[in-house]
Amino acid sequence: MNLEFTPEEQAFRDEVRSFIAENYPAHLADFGMREDMSPEDMLAWHKILGAKGWSVPAWPVEYGGTGWTPTQRYIWSEENARASTFMPLPFGVSMVGPVIYTFGNEAQKARHLPGIRSGDVWWCQGYSEPGAGSDLASLKTTAVRDGDHYVINGQKTWTTLAQHADWGFFLCRTDPAAAKPQEGISFILVDMKTPGIEVKPIKLVDGSYEVNETWLTDVRVPVENLVGVENKGWTYAKFLLAHERSGIAGVARSKRGVEKLREIAAAETLDGAPLIKDFDFARKVSQLEIDLAALEITELRTLAGEQAGKGPGPESSILKIKGTEIQQRLTELTLEAVGTYGTPFYGNIAKVPGDAGSNQYPVGPDYAQHAAATYFNMRKTSIYGGSNEIQRNIISKMILGL
Amino acid sequence: MDFNFTEEQEMVRDGLSRLVREQYDWETRRKAVASSDGWRPEIWAQLAELGILGMPFSEADGGFGGGAVDSMIIMQEFGKGLVVEPFLPTVVCAGGFLKHAGTPAQKEEHIGGIVAGSRVFAFAYAEPRGRYDYADLETTAKKDGGGYVLNGHKAVVIGAPWASHLIVTARTSGERRDRAGVSVFVVDKSAPGIVTRDYETFDGRRASEVYFEKVAIPADALIGEEGAGLQLIELVTDEAIAALCAEACGAMKVAHAMTVEYSRQRKQFGVAIGSFQVLQHRMVDMYTAYEQSVSLTYLATLRLDAPDAERKRAVSAAKVGVGQAARLIGQDAVQIHGGNGVTDEYAIGHYFKRLTIFDSEFGNVDHHMKRHIALA
C-alpha cells in the first residue's frame with residue numbers, strides 16, 4: 001500500500017500540465033461555468049481534446065479511450081481542476097457514450113461515437129418528467145411503433161442545455177401493459193431537429209437558463225434508433241446513472257475550490273484580522289478539508305476497484321452523496337466568506353461604461369461576483385443524478401441488503 | 001498509488017480474523033474482562049507465536065520486517081472483537097520509541113521480549129492536569145549522580161496493571177508546557193518508589209494511576225536525547241493514533257453490521273424495523289461514515305513517514321473524522337437497538353463504549369481540529 005506517484009506518473013503529470021498550459025483557450029482561463037458562457041466556449045476544450053484523442057479517457061481503448069490507469073485519470077482530473085478548465089459536458093462522454101458502446105449495435109457505434117469523441121455533436125438527456133422525478137420509472141412519455149418508426153409523445157423536463165443539443169437520449173414507455181413500471185421502458189436516440197420537438201427554457205434561481213422543458217408531439221423516430229432491446233431500457237438507464245455518479249464526486253474541483261476559498265478568506269477581514277484567522281470560520285474550512293481528504297481516498301479506492309475489474313457499482317452512490325454535500329458546503333462557505341458583496345445580482349449590473357467587451361463589473365471584488373450564483377446553482381447537485389435520498393435507498397438495498 | 005495488501009499481509013489478516021472469531025467470541029471476552037486479571041495471557045502468547053507482536057519491527061531489530069500498514073491491519077481485526085490485550089501500548093507505543101530512538105543496547109534488551117511476548121509495556125504520558133498537551137508535565141526527572149530521580153503522577157495509564165515496564169514522559173528542564181525539556185524514559189515497573197492504583201475502564205480494559213515517589217532510574221533509561229523528547233513523542237503518538245483509528249474502524253464495521261442485522265430481526269408494527277426508510281437512511285449514513293473513516297485511516301497510516309507538518313495534518317484529519325464517525329455510529333447503533341442497546345447483555349453497548357472512549361485517547365476531535373487548523 002502506498003500513496004506515492006511513480007516516476008512515470010510524475011512524467012505523465014508534467015505532460016498533461018504542459019498540454020493544458022499550451023492548448024487551453026486563453027480567454028477561458030480560470031473561467032469556470034458561467035451563466036454568460038457561449039455554446040462555442042463550452043465546446044472549445046472538448047474539441048481540442050477530441051483532436052488530441054483525450055476527450056473520452058475512461059472509454060475502452062477500442063472506442064477511443066486513452067487506456068490510462070485510474071491513477072492517470074485522477075492526475076488528469078487534478079490538472080484540469082488546477083487550471084479550472086471547462087471540461088467536456090457529461091451527456092455524451094459520460095452518459096450516452098458508455099450506453100452506446102456497451103449496449104448499442106455496430107451501426108449505432110459507428111454513427112454516434114465519433115461525434116461524441118470530437119465534440120461535434122451535442123447531446124441532451126430526456127429522463128425526468130413533470131410527474132417522474134425520483135420515481136423515474138413512472139414516466140409517461142410513450143413511443144408507439146408505427147411501421148419503421150416510433151411515434152413519441154410526452155413531456156420531458158430538466159433537459160440540461162437542450163437549447164443547444166443536436167441529439168437526445170430518451171426514456172419512453174413502449175409497453176404500457178407491462179407488469180411492473182420498470183418493464184416496458186425503452187432507450188431511444190432522437191435527432192433534436194425532428195419535427196414535433198419543442199424546447200422551452202426554465203429560468204433558475206441564479207438567473208441562468210440551464211435547463212428546459214422538452215415537449216414531444218408525434219415525433220417520428222426510426223426504429224434503428226432503439227438502443228439494445230425494446231422494453232429493456234431501464235437496465236441501460238440504471239447503468240448510465242451509475243456511470244454518471246462515478247465522475248460526480250468532483251474531488252479535484254472541490255480541492256481547487258477550497259484553495260480559492262482560502263484566498264478569499266485571507267483577503268476578507270473580520271474584526272480587523274483576516275477572516276481565515278477567525279476560529280469559527282477556520283473550523284468550518286478545516287472540517288470541509290477533512291471530509292474532502294476522506295472522499296479523495298474513497299474515490300481512489302473505488303477507482304482501484306475498477307482497475308481490478310469491478311465496474312462502477314452501488315459504492316458510487318457514496319461518492320455522489322459525499323461529493324455533492326462537499327460541493328454545496330464549499331459554495332455555501334464561499335458565499336459566507338464574501339460577505340455583503342454576495343448580495344448584488346451581477347447578471348443585471350451594467351458593465352463599466354466605455355469598457356465594452358471586458359468582464360469588469362462595477363461593484364465589489366472580482367471573487368464575489370459568482371459566489372451567490374454558484375451557491376444557488378449548486379443546490380441542484382443533491383437533486384440531480386438521482387437525489388441523495390434515492391442514493392441512500394440504493395445503498396440500503398444494494399449494499400446493506402435492506 | 002496502490003491500495004492492495006501484500007500476500008503476507010492478507011495472510012496475517014485472515015489468520016488474525018480467524019483467531020478473533022474462534023477464540024475471542026463474545027462470551028469468552030465477557031468472562032475474561034470480568035476475571036481478576038482482566039486479560040488473557042494465553043492469547044498474548046499465541047499472538048507472539050503467530051508473529052503478530054513482532055510484525056512491525058525490522059528484521060535487524062528482531063522483528064518480521066513489517067510497518068505501519070501491518071499495525072493497521074492488526075488493529076482493525078482487534079477492533080472487530082474488542083480485543084483488550086495491550087498491543088497498542090506495547091508494540092506500537094513502546095516499540096515505536098525503541099525503534100525510532102532506542103540505543104542498540106535498549107533495543108537488544110526490550111524488543112526481543114516484546115516480540116516473544118514476555119515483556120509487556122504501558123505508556124505513561126497523561127497527567128491529571130495535562131489534558132492532551134504532551135509538554136504540559138508536572139512529572140519531573142532530575143539528574144542525580146549517574147542517573148535520574150522521577151517524581152510525579154501519571155493518569156489513566158492504559159494496560160499498566162498488566163505491564164512489566166513503562167514508558168514515562170517527564171520534564172528534565174524548563175517550565176510546564178515548554179516544548180523543550182521533555183524527556184522519555186523506559187522504566188521497570190517494579191522499581192522502588194512506584195505506586196499504582198489499578199482499576200477497570202468503561203471499555204473493558206484495565207488502567208492505573210501511577211505515582212512516582214523519588215524513583216531512581218539509571219542514565220541508560222533515557223530514550224533519545226535529553227530534553228528533546230517532544231518531537232519523538234509527537235511521532236510515536238501519531239503512529240498510535242493511526243493504529244487506534246484502525247481499531248475504531250474494526251469496531252465500527254461490526255457495530256454497523258450488528259445494527260443492520262438487528263433491524264432485520266426486530267419486528268414492530270408487524271414488520272422488520274429495517275424496512276423503515278428513516279432507519280435505512282440512518283444506517284446508510286453510518287455506513288458512509290465508516291467508509292470515509294477507512295479512507296482517513298489509510299491516509300494517516302500512509303503519511304506517517306511524510307515530513308512533520310504533512311504527517312500531523314493527515315493524522316489530525318483522521319482523528320477528527322474517525323472520532324466524529326465513531327460517535328455517530330456508536331450512538332445510532334444504540335438508538336436503532338432500542339432499549340436493548342443500553343443493556344449490558346447486548347454486545348452493541350460494549351462497542352458503543354469502546355467507540356466513545358476512543359475519542360479521548362491521544363487528543364479528541366476538538367484538539368485535533370485545532371491542530372489541523374494551526375497547520376493549514
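Helix 6 of chain B, residues 104–116, has 13 residues and runs 18 Å from first C-alpha to last, close to the 18 Å expected at 1.5 Å a residue. Expected span here is 1.5 Å times one less than the number of residues, and helices are DSSP runs of H or I, at least four residues, with strands being E runs of at least two, numbered from the N terminus.

Quick housekeeping: this is a predicted model, so to speak of local features we need pLDDT of at least 70, side-chain atom pairs count only at pLDDT 80 or more, and totals for chains, interfaces and linings use all residues. Residues are numbered from 1 along each chain as its sequence is written, while chains are lettered from A and ligands numbered from 1 in the order in which they are written.

Back to helix 6 of chain B. There's a bend of about 25° at B:H110, where a bend is the angle between axes fitted to the seven residues ending at a residue and the seven starting there. B:H110 is also buried, along with B:I111, B:I114 and B:V115; buried means 20 or more other C-beta atoms within 10 Å of the residue's own, with C-beta atoms placed from the backbone (12 or fewer is exposed, in between is partly exposed). Those buried residues pack against helix 3 (41–49), helix 5 and strand 5 (182–188) of chain B. After the helix comes B:G117, with a positive phi near 85°.

Now that neighbour, helix 5 of chain B. What is its kink centred on? It's B:G95, and the kink is about 35°. Even so, the end C-alpha atoms of helix 5, residues 87–101, are 20 Å apart, which agrees with the 21 Å its 15 residues should span at 1.5 Å each. Helix 5 is mostly covered, with 13 of 15 residues buried.

On to the interface. 27 residues of chain A are in contact with 29 of chain B, contact being C-beta atoms, placed from the backbone, within 7 Å. Which elements of chain A give two or more residues to that side? Helix 8 (279–307), helix 9 (316–338) and helix 11 (388–398), and helix 8 gives the most, with 12 residues. The chain A side divides into 17 nonpolar, 5 polar and 5 charged residues. Nonpolar covers Ala, Val, Leu, Ile, Met, Phe, Trp, Tyr, Cys and Pro, charged covers Asp, Glu, Lys and Arg, and the others, Gly among them, are polar.

How values were computed:
Contact = placed C-beta atoms within 7 Å.
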